[in-house]
Structure formats: C-alpha cells, structure tokens
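Let's take a walk through a protein model together. Please have the sequence and the 3D view open as you read.

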Amino acid sequence: MIKRGLALTLVLGLASIAQADVDIKLAPDCCLPDETLDFTVSLSQDSGADVYLRMVGLFTYETAAEFTVGPFAWDAAFGTNHYQDVAQPGLAAAYLGLTTNSAEQVLLPADGSYVEVGTLQITCPHVESTRQLNVLRANGAADDSKSVVSYGFGVAAGDDVTYVRPGAGLTGGVLMVNITPECGDDKIIFESAWPADQTNLWRTQNNYALLTFDNDIPAAPVAGEIAIRELLAGGAYGPDLSANFTFTIDPSDAKTLIVQEVGANLTHNKWFGIENVSWDDAEWFEVQYRVLMGDVDNNGRVLALDAGAIYPSVPCVNITMPCWNPRKDIDGNNKILALDAGAVYPRVPSIGVAKPAGH
C-alpha cells in the first residue's frame with residue numbers, strides 16, 4: 001500500500017564560486033486520480049556553514065501534459081516581495097522565484113536541517129498508474145557575475161552576494177508519482193498477531209500479544225483508543241479493560257505493537273477482543289483470543305500434560321537463555337520454574353469454550 005507523507009530527496013550539485021549542494025525534498029509522492037494536492041517543498045544544504053538562499057527564477061517544473069502543475073505558494077515567512085508564474089493546464093512548466101530583497105532570503109542552517117519554503121500544487125491525471133514528473137530543473141545561464149537578473153542559487157555574506165549557479169538547463173531530478181485510490185489512506189494496516197488471532201492466551205497474569213502492521217507505527221495508542229473487552233453472546237461486549245494494559249512499540253521492530261496486561265485482569269476460559277475503536281494512526285482491526293490459563297501446547301485444552309511439558313525447561317531464569325519458551329511461563333514473571341507447573345494444575349482439566357455467537 002502506498003502512503004502519503006513519504007519524502008523524495010533530490011540533490012543538485014552546484015559547482016561555482018561557492019559550493020553548496022542543496023537537497024530539495026518533496027512530500028508526498030502519490031495522489032488520487034484527479035486529485036489536486038499540495039506538495040511540500042523543503043530545502044537543506046551541506047556546505048558546513050549557514051547559507052542564505054536568494055532565488056530568482058529558481059525552478060521550472062516540467063511534467064507530462066496530463067499533469068497540471070502550479071501554482072507554487074511561498075511560505076508566509078518570506079513576505080510578499082516575490083513572484084511566480086502560475087502554470088496553466090497543458091503547459092509544460094511552471095516558473096517561480098523570489099526576489100533578492102535581503103529581508104526575504106532563505107536561511108539554510110549549517111546543520112543540514114530542512115527548511116520548508118512553500119507548497120507546489122499538482123493535479124494528477126485521471127489514471128491509475130505511476131507517472132513520471134520531472135521537477136526542479138535549475139534554469140539559467142552559467143554566469144559568475146553578480147547580476148540579480150541571473151537565475152540561480154544565491155549565497156549572501158553580509159552585503160557581499162556570491163551567486164552559485166548551475167549551468168544552463170541543468171536537470172535536477174525526477175519524481176515518480178504513484179496515482180492510486182489507495183494513496184489517500186495514510187493509516188497503517190494490521191497484518192498479523194502473535195499469538196495468532198483466534199488462538200489462546202495462556203498466562204494467569206501479564207498476558208501479552210504482539211500486533212504487527214504494514215508500516216512503522218507513528219505513535220503508540222493509549223488506553224481507550226484500543227479497547228480490550230470480553231466477547232459476549234449476540235455480538236455484545238463487556239466493559240473495556242484497556243486501562244489495565246500498556247501499549248508500546250517494540251524497540252526491535254517499529255512495525256510491532258506490544259499489548260501487555262498489567263497484573264491479572266482476564267478471566268479463564270473466556271473470549272476477549274483487542275479492537276481499534278479510535279486509534280487514528282491505524283485502520284480498524286480486531287484480534288480475538290480465548291484465555292485458557294495453562295494451555296502450554298496451545299491445543300485448546302488444559303491437562304496434566306501441559307504441566308508436564310514445563311518441567312524440562314525448569315529452571316529458566318532469563319528470556320535470552322536457550323531454555324526459554326514463553327508459553328511455559330504461566331505466571332508471567334519471565335521465568336520458567338516449578339511454580340509455573342503448579343499454576344496449571346488448578347485448571348486441569350479445562351476444555352476451551354466456543355467463541356460466543358455474533359463475533
């Protein structure tokens with residue numbers, strides 16, 4: 001699935017009096033068919049010193065005729081003393097620039113951080129495919145004079161202005177724009193769970209599940225955004241227990257959310273659902289588990305055999321040890337001891353109940 005918010009960085013290497021390679025970042029890189037979208041344009045440079053950028057006729061945006069490109073809108077921080085030519089449908093390019101008024105020059109800091117300079121409006125064609133959008137063509141003649149009418153990058157040192165210009169018609173780069181109905185949806189999508197959906201949680205306390213998504217999780221949800229509720233007959237739910245759980249992004253995998261019970265809040269041989277009810281970063285999902293405390297082998301039953309399966313791993317006092325098997329840790333203390341086997345026996349025998357109708 002294609003996501004909005006992805007950035008493409010294009011590098012223009014500018015060899016002249018003062019060298020400053022300027023990176024130009026645009027986001028996103030996709031749009032819906034027929035959608036008019038504002039692409040954010042940000043700049044940075046790698047000279048190792050602060051650079052003041054003055055732009056005069058800096059860019060042309062060349063595109064296939066099926067795109068409509070323009071206008072470009074400068075950020076309000078750069079005042080009103082600037083100009084731009086608005087592209088018309090069917091034209092090949094949009095020219096834009098900023099006057100050399102010193103109050104409106106753009107400071108690109110030495111640390112290489114990006115400065116947002118404005119937005120470029122693009123209307124995508126009525127297709128579903130990938131199209132090439134040629135962007136950021138540095139236009140103008142190679143010229144070492146200080147004429148303000150020349151096109152190029154400007155580097156200011158006090159009142160002494162040195163212009164850094166590309167040669168005539170230097171092509172800056174290409175943006176591949178994906179045009180698809182999926183582009184409008186920037187939410188992550190649930191892909192899998194461990195334990196698997198419709199299987200069993202086995203601990204008497206501190207149960208957990210790992211939920212994996214198709215992309216990095218922007219920020220972990222909070223209690224209430226993810227509801228954890230008992231499944232009741234007729235499609236109904238019990239009260240939300242999510243306040244008794246933590247939600248954290250796995251430090252070893254930014255696509256995985258750890259849902260961790262704190263203490264003992266789930267009921268033996270009952271079904272529970274983990275459902276996205278208001279977490280905006282993710283599409284709707286629900287994962288359903290039966291809580292079958294002591295079901296070491298995950299076969300839907302708790303028998304003396306489950307307790308017996310624990311003993312070969314006793315003692316195992318660290319989850320990094322070869323003996324570690326999370327399903328043998330029945331009391332949820334991240335150790336495998338004889339006490340875990342002891343926690344199985346009070347629930348022998350247990351046969352897992354069917355999931356309530358309506359779920």
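First, two notes on reading the model. This is a predicted model, in which local features need pLDDT of at least 70, side-chain atom pairs count only at pLDDT 80 or more, and totals for chains, interfaces and linings use all residues. Residues are numbered from 1 along each chain as its sequence is written, and side-chain values use heavy atoms, with hydrogens and water left out.

Let's start inside. A nonpolar core is a set of buried Ala, Val, Leu, Ile, Met, Phe, Trp, Tyr and Cys residues joined through side-chain atoms within 4.5 Å; buried means under 20% relative accessible area, exposed over 50%, and partly exposed in between, with a 1.4 Å probe and protein chains only. The largest such core has 24 residues, and those with the most contacts inside it include Leu211, Val259 and Trp279. Strands 18 (208-213) and 22 (270-276) are among the strands that each supply at least two residues of this core; strands here are DSSP runs of E, at least two residues long, and helices are runs of H or I of at least four, both numbered from the N terminus. A second, separate core of 14 residues includes Trp202 and Trp324.

On a 1 Å grid over the protein atoms alone, a cavity is a set of points where a 1.4 Å probe fits but cannot get out, while a pocket is an open set with protein on both sides within 12 Å along at least five of seven lines; lining residues have an atom within 4 Å of a point. The structure holds 1 cavity of 30 Å³ or more. The largest cavity has a volume of about 70 Å³, a volume being the space filled by probe spheres set on the points, which are joined across faces, edges and corners. Among its lining residues are Tyr208, Val259 and Ile274, and strand 22 gives the largest share, 3 residues.

The largest pocket holds about 190 Å³ of space. Its lining includes Arg203, Tyr208, Trp324 and Asn334.

Is Asn334 exposed or partly exposed? Asn334 counts as partly exposed because its relative accessibility is 39%. Asn334 touches Arg203 and Trp324, among others, where contact means heavy atoms within 4.5 Å. Asn334 and Ile319 are 15 residues apart in sequence, with their C-alpha atoms 6.4 Å apart.

Terms used:
Lists of a residue's contacts leave out its neighbours within four places in sequence.
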